[in-house]
Amino acid sequence: MRVNSASFRWKSGSLSVLVAHRKGPAAAALGFAIMFGVGCQEQTPVALNDDALPGAPITVTVEIPWSAFASNLEVFGGYGSAEDIGQGVLAEDFAGTLDARTLLRIGSYPRVATVQDTTGASRPDSTLTILGGRFVAFFDTIESTNSGAVTLALGAITEEWDQTTASWDFAVDTINDERPWSEAGGGVVLPVAQTVWDPLVGDTAVFVLDSAEVAAWADTTDLSAGARIEILDSGERLSLSKAVVRLDARPSSNPDTIIELTAVTRGSTFIYSPFPQPPPDGVRIGGAPSWRTILDVNIPEILDNLPDFCAVVRCPHELSPGEISYAALVLTSRATEAAFQPTDSIRLDVRPVLNRAAMPKSPLGVSLIVSPFGRSVAPEAFGSEPGLEIEIPFTGYARDRLRGTDASGNPTPETLALLSVIEPFSITFASFDGPQSAAEPFLRLVLTIGPPVELP
Amino acid sequence: MSRFMRRISRAATMAVAVLAVSSVSIHGQSLFNAAGLGTTVEALDGRARALGSMGIGLNGRSMMPSDPGALARLGISTGVMVASPSWVDYSAAGDRSGTVQGNRFPLMGIGYPILGGMASIQIGSFLDQTYEVTRVGETDLGDGPVRTSDAFDQDGAVSTVTLGFARTLGERFSAGLSIGRYAGSLDRTLERTYGEEGEAGNVDTYVEAGVWSWTGWSLSAGGSAELDGLRVAASVQVPTQLSGTASEDTRGSDRTFALPVHLRVGATANVGPSILVHGSAVLADWSSAQDQLNGGFAGSGSGFGLGVELSRARLFGRDAPLRFGFRRVGLPFAFEDESVTERTFSGGFGLTLNETAGVVLAALDLSIERGQRNSSNLSEQFWRATLSLLTSGF
C-alpha cells in the first residue's frame, strides 16, 4: 500500500493532471455545495433550564438627592425674540398684572389682479382703485383665556420701530441704538377702529378700514408704519394667530365690479409688561424671549448611605456606567406666575452646555431626549395642579458623565440646560421647585447590578 | 522560479485557502453544549465516521490529528476538508422537545512531503460551546412589577491547530510527532431587558459580557505498523492546561482547565478478499477538570468503535467501498453527576474521483450516522452526515 513518492513526483508537478480530469473535483465541489446547502440553516441550542445562566443581576431603583448629584443651578433669559413665535398676544391687566399688545407690519398691497372686463374676458388689470378694506385678526381659541366677547382696538403706529427688538418700553433696542417709545406700550397710535370678538361666534375679529387708513399702510418703506392691536377689556389674555388686510378694489377694466384682494402681514411681534424677573429659587423653562435653566451634574461614583439600596447591594458600591439602566432628572412642578401660566402643553428639552463659562451664549449639544417633541407636560401642572413629578430621562448622558467621555471619546459636558424644545414657543413658561426646597429636584436611577460573567 | 519553489508556493496558497475557509464559525449541534466546557467535536473524516472509528488505525491514506503516524503513509502532497451537518431532535423533562440543526467543519488540513517525510498542518475542532438560554422574571421599578428577560448567549469553540511530521521507518513502520495549539474564543453575554417583548421602554438593556481566548498546547506521538493483512496504530496526546484569558474589557477572570491525556489505539484487519474489519478505542478521563468547573459535571470521554469495509464495491464504474460501523463514546460533560454516552450506527461509502497511475488524486468519503445521547433529563436523537474530500498531487 505504500506509495513511492519519488516515482510519482513527475506527475504531481502540475495541476494539469487534475484539470484533465475535471469531473472528479467538480463532483466534489457539488457534494460540498449540497452539504453547505442542507446544513446552512443554523439553530443555536437552547439550554434546558436556568442552571446554564450565570449569576442573576438585581435591579434597584435609587433616588439621589440634589446635593449629591447637582449644583450651580442658574436661570438665564433672553433667548430669541417674541417676533420668532409668529403669533401675537393681547392682554389687559391679565391676572392683575399683564398688559400685552401685538404690533404688525402690513405687507405690500397687490398691484395687479386678474379680472373680467366688460366683455367677460379675463385679463390682468394693474390700475386698481383701493376703496377701503378690513383688518381681519385670527385668534387661537384654545390658548386664549376668554370665553365671552371682548372689545379690541386697532391703531396705526406713528413711531419708527424694530420688530425684532421692540419691547414695552423701547421701540428700538439694538446695539448703539436704543429708542424708547414716546409712550410705553407702543407709543401714541392713531386710532383706526374697534371691534368685538366673541369666540362663540368664530375665531376672527374684523376691523373696518376706510381708504385713508388703508393708504396709510401702503408704504412699506416707512419704518413707522404698522398696526397695533390691543384688548380693551381687562382680565383676559388672547393669542393672535395671524392677521391679514382684505382690500376692496375697483378695477379700471370693469369699474362696476368690486374685487377683494388680500395683503398679508410681513412681520409681527408682541410687547408686554411687566417683564418677569428671574426666579430666585426655582427652575424656569420657556417664555418669550425664552428662559433656560442650567445646572452642573455629577453622577456619584460611589453609592452609600442609601438605606433601600444598601439593603440589597453591599455598600459602599462603586457605580459603573453599564449598571445605569435608566437615569432621569425629576422635577416637581409648581404654579407659574398667573400671568404667564401655560394654557397648552409645555415641551421640555435637555441639552448639554458645551462651555458654561460662555453662558448665556454657550452653544448647546444635541438633545438628550429621544423624542423630537421633547418631554410634554400638561399645562395644569403649572397652574391648577402643581406638585407633579416630571421625569426628564437622560440615561445615555448619565453613563457618559460617569465614564467621563462619550462614545466618541470626547469629554462629557458637566452642565445641562433645561429649555423649551422650540425657543421661543409661547409667552408662558414652566416653573419647578428648585434646590433647598421641600420638593427639590432629584436624580432617579434604575440600576442593574450583577456579578461579572465568568467562564463555566 | 525553481520547481521546488513553485510547489512551496502552491502549498502556501492551499494553506491560506484552508485557513480562510476555516474562519467559518462552528455552530452548536447539541444541548449538551451548555454543560461544563461543552461537547467534544472530533476531527474525523467521512471514512472514519462511517467505520465508527476513533480516528486511528485506518488502512490506506489518512490525515487526522488523532493518528500522527499515519501521515507518513500519504506519500504525496495531500489536502483534506470535511463538512458535517447534523439534525438533532431532543426531548427533555417537562415535555419539552424541539429540534436543532447546524453545520460544522471539523477538519481541514494539508500534508506535504519534506525532508524525506511528511509535514502537515491541520485545523480541527475540539470543543463546541455555543448555546443560549432565557430566563423571564419580574422586578419592581417603583411603579409596579415590570417584566424582565435575561437572555444569555454563549458563542464559541475550542479548536486546534496542529503541526506534524511523520516518516516511515523501514517498510512496515511509521512514526509521527505533532504539536497542537489550542485556539478559539468564547463570548458570553447576558442581557437583561425590561418590559414586554417587542415594547421599547425607557429602561435600557443591561449587558454584562465577557470574551475569553483559549490557549494551550498539546504534544502527540504515534506510530503504526503494517503486518500481513493487519495495520495497527497507537497514539498518545498529552495536553497542557486549557487557559481561558479574559479580554481587556472583560470583568470576569482568567481560568485554566485540566485536559486529559488521550490514548488511542486502532487496528484494521483484512479478513477476506475484499473485507476489512476495523476497531479502535480512546481513553480520556476528563474528571480532573471537575474541580475547576462552576457548573456541570466532568466524566469520561472514553469510547470504542467497530466497523467493516467492503472494498470491492463500485459505483459509476469507480471504486466505492461500502462501510458500516458502530461507536460508543462518552461525553466529557453532563448536567448531572452521571455518565452520558453518544452511540451511533453509521454507514457510508467512498468514491474515487480521480486516479492516475494507481494513485488516487481525488476522493470523496461520505457517512451517515444515526445516533443518540441520553442522560437522566435530556435525550437527543440525531442524524449526522459527514462528507470529506481528499485531494492529492497539487
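1. Start with a pair in chain B: Thr168(B) stands opposite Ser174(B), a residue of strand 7. Strands here are DSSP runs of E with at least two residues, helices are runs of H or I with at least four, and both are numbered from the N terminus. Strand 6 and strand 7 (residues 173-194) of chain B run antiparallel and are joined by 22 bridges; two strands pair if DSSP finds at least two bridges between them. Their hairpin has three residues between the strands, and Gly170(B) takes a positive phi near 80° there.

2. A word on what you are looking at. This is a predicted model, in which local features need pLDDT of at least 70 and side-chain atom pairs count only at pLDDT 80 or more, while totals for chains, interfaces and linings use all residues. Residues are numbered from 1 along each chain as its sequence is written, and chains are lettered from A and ligands numbered from 1 in the order in which they are written.

3. Strand 6 of chain B has other partners too. Strand 5 (residues 131-140) of chain B runs antiparallel to strand 6, with 10 bridges, and Glu132(B) has Asp153(B) as its bridge partner. In this hairpin, with four residues between the strands, Gly142(B) has a positive phi near 105°. Strand 4 (residues 117-128) of chain B is also antiparallel to strand 6 (residues 145-169), again through 10 bridges, and Ser120(B) stands opposite Gly164(B).

4. Now turn to chain A, which has eight helices and 26 strands. Its radius of gyration, taken over C-alpha atoms, is 35 Å, whereas a compact globule of 456 residues would have one near 23 Å. (The globule rule is 2.2 Å times the number of residues to the power 0.38.) Along its principal axes the C-alpha trace spans about 120 × 75 × 45 Å.

5. How are the domains of chain A assigned? Domain 1 covers 58-79 + 276-449 and domain 2 covers 98-273, with bounds from an automatic or database domain assignment. Their centres, over C-alpha atoms, are 42 Å apart. Four residues of domain 1 are in contact with five of domain 2, where contact means C-beta atoms, placed from the backbone, within 7 Å.

6. Finally, look at helix 8 (residues 395-403) of chain A, whose buried residues are Tyr397(A), Ala398(A), Arg399(A), Asp400(A) and Arg401(A). Buried means 20 or more other C-beta atoms within 10 Å of the residue's own, exposed means 12 or fewer, and partly exposed lies in between. Among the elements covering these residues are strand 17 (290-297) and strand 20 (324-332) of chain A. Gly404(A), with a positive phi near 100°, follows the helix.

Conventions:
Contact = placed C-beta atoms within 7 Å.
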